[in-house]
Amino acid sequence: MKFTKIFKDELDHCYAIMRLKHADQDFLVVASEEKQPCYAYDLNNDYARTVVWPDVGGTMTMVQIPGTLNFLATQRFYPGFNSAACRIVKETFNGQGWDQTIVGDFPYVHRFDLLTKPNGSGYWYVGCTIANSKKDVDDWSDPGKVWVGDYDDSQEQVSNLRALDFRLTKNHGYKRMDGYALITGVQGIFKLVPPTATHDWQLLQLSTTETSDIFSADINQDGQPEYLTIEGFHGPYLRISDHNFKTITKSAADTPFGHAIWGGRLGDRDYFIFGWRSGKQDLELITSDHLATQLIDEQVGPSNVTVYEKDGQTYLLSANREANQVAVYAIDLE
């Protein structure tokens with residue numbers, strides 16, 4: 001498999017990424033984790049760049065509102081993890097760019113999501129805080145919470161907000177699955193199940209191993225999902241586990257500040273993609289459940305990656321944070 005960098009742009013501390021597509025309009029959105037811009041690149045117009053917002057930044061998460069070119073995003077998640085001033089904003093597409101409204105203040109929210117309610121009756125809000133309070137960046141004495149509520153898009157607000165009876169230390173990972181979500185932290189990996197007519201929100205522990213981030217793919221083609229996890233807060237270990245979270249392979253400690261993670265189909269089978277932000281700062285394709293790899297790019301220190309298809313061609317979008325570079329790679333699947 002061959003990866004060719006076909007587009008790059010400079011964005012200081014680029015971090016959060018999203019493919020934003022609706023009807024015949026199609027964008028890549030990339031935001032900085034510092035007081036820097038958020039850019040949208042038009043995939044129908046040779047990556048023409050629009051400034052979504054010029055500064056503020058501190059963006060950890062962006063979530064598209066289904067069926068629109070509108071999205072929610074965190075801002076002011078700085079300095080470092082001492083993010084008491086974090087907020088969520090809504091960006092509404094006006095035909096040329098985006099108009100911003102403030103949804104509200106959400107202190108320390110690191111990851112959040114909107115989950116569609118049954119029959120399209122609205123959205124649940126899920127927010128994971130990295131801490132509940134902090135004296136300084138290195139203070140972890142007051143663990144974070146998992147917040148749930150309802151998001152009303154017409155009112156642009158979250159209501160019925162409450163914390164589950166659970167405290168999670170150093171949340172970093174979140175992955176929306178089919179009908180549930182995976183949440184990670186020092187205490188391990190948890191499955192968050194939305195409420196039904198017969199039960200409230202459920203939080204089920206799947207693993208007790210400290211986990212920073214998680215993604216799933218059928219990397220060994222056995223018909224069951226495997227899980228790639230970054231272990232320790234930001235690494236340095238990688239683990240591939242089977243669908244029951246039994247270890248298949250664990251790496252040596254050579255991937256410091258593990259961060260970028262993706263899994264899914266490329267061509268006729270599944271792969272993982274992984275990158276880390278210290279040391280060699282490599283971006284790699286993982287080709288087997290024993291962590292065999294192929295180098296995609298080096299000394300770029302990616303924060304987040306995603307794969308998308310456009311006009312029959314597959315691409316990789318990477319926020320190469322340590323290189324201050326937004327990058328798109330064309331993937332030759334042969």
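Trainee: How many of the 5 residues of strand S20 (residues 237-241) are buried?

Mentor: This is a predicted model, in which local features need pLDDT of at least 70, side-chain atom pairs count only at pLDDT 80 or more, and totals for chains, interfaces and linings use all residues. Residues are numbered from 1 along each chain as its sequence is written, and side-chain values use heavy atoms, without hydrogens and water. Buried means under 20% relative accessible area, exposed over 50%, partly exposed in between (1.4 Å probe, protein chains only). In S20, 4 of the 5 residues are buried, so the strand is largely enclosed by the rest of the structure.

Trainee: Which strands join S20 by bridges?

Mentor: Strands (E, at least two residues) are DSSP runs numbered from the N terminus, and two of them pair if DSSP finds at least two bridges between them. Strand S19 (residues 226-231) is joined to S20 by 5 bridges and runs antiparallel; Leu-228 has Ile-240 as its bridge partner. S20 also pairs with strand S21 (residues 247-250), again antiparallel, over 3 bridges, and there Ile-240 partners Thr-249.

Trainee: Which residue in the turn between S19 and S20 has a positive phi?

Mentor: Gly-232, at about 80 degrees, in a hairpin with 5 residues between the strands. In the hairpin of S20 and S21, Phe-245 takes a positive phi near 65 degrees.
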